[in-house]
Amino acid sequence: MDALTHSAENYLRAIFEIALENKVVRIRDIAKRMQVKMPSVVAAIQALDKKGYLVHEKYGYLELTEEGMEAARAVYNRHRLIFKFLFDFLKGNSQTAMEEACNLEHSLSDKTLQKLTRLMDYVTAMGQSNPEQFTEFQSFLEGKSGNRAGIRTVKTNNEAILLKELSIGYSAKVVRILGNSSLKRRLLDMGLVPGTLVTVSMIAPLGDPIDIIVKGYHLSLRREEASQILVIPTETEQ
């Protein structure tokens, strides 16, 4: 079948949603839901009928064909995924999230949607294992906190900070290893001796783990480990 227009996909999603709620779908139901005039709905339905996406008896109910159901379900799932991300994860306004989801559902590729799904699964899992950190992550997204996910203005004047506070892309020299003797020994064995230059290359969405570069090698540290490493930044944020 020919590729569907954005408008046709919107109609398919509307039909699918109405069917989920009311079991039956009528022309006036679609017009009310989409806030369009009846003639516009009739024209769209006729076009979808010709393409084989639905069957419609004059003055009767609408019913999606197998092909129509598959296409409608795909659009519906894309819309719900994007809306969930915008509303639940980014804490956007419900109406704004709905409008933006309507636009994005037509433009994001399947590959991007798969990555978005994995990101949401990852953040959800991290939130379940560490609710406090998840709350701090959401506060960061809302601009209420600048200390999570590696976003922080690097201090100047040779002021020491903890490695967990260093932003992505910044470098610092190790000053001291804190914590108990076993942790100190482990970190020292990893090459994190005083005077060593380290660079933060990546930080997970919730700030844990933290990937650093030491002498050309990548090391992955838990956030609690990075909180025991005292460093002095060598750069300031531009």
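Let me begin with helix H4, which has 24 residues and reaches 33 Å from its first C-alpha to its last, close to the 34 Å expected at 1.5 Å a residue, the expected span being 1.5 Å times one less than the number of residues. Helices here are DSSP runs of H or I with at least four residues, numbered from the N terminus. This is a predicted model, in which local features need pLDDT of at least 70, side-chain atom pairs count only at pLDDT 80 or more, and totals for chains, interfaces and linings use all residues. Residues are numbered from 1 along each chain as its sequence is written, and side-chain values use heavy atoms, with hydrogens and water left out.

Now to the aromatic rings, where Phe, Tyr and Trp (its six-membered ring) pair if their centres lie within 6.5 Å, and planes under 30 degrees apart count as stacked, over 60 as edge-to-face and the rest as tilted. The count by this rule is three aromatic pairs. In one of them, the centres of phenylalanine 83 and phenylalanine 87 are 5.4 Å apart with planes at 15°, so this pair is stacked. Both residues lie in H4 (residues 66-89), four residues apart, about one turn of the helix. Phenylalanine 83 is buried at a relative accessible area of 9%, whereas phenylalanine 87, at 32%, is partly exposed; buried means under 20%, exposed over 50%, and partly exposed in between, with a 1.4 Å probe and protein chains only.

Phenylalanine 85 and phenylalanine 89 are stacked too, because their ring centres are 6.3 Å apart and their planes at 25°. Phenylalanine 89 is buried, at 10% relative accessibility. Just after H4, lysine 91 takes a positive phi of about 55°.

Conventions
Helix = DSSP H or I, 4+ residues; strand = E, 2+ residues; numbered from the N terminus.
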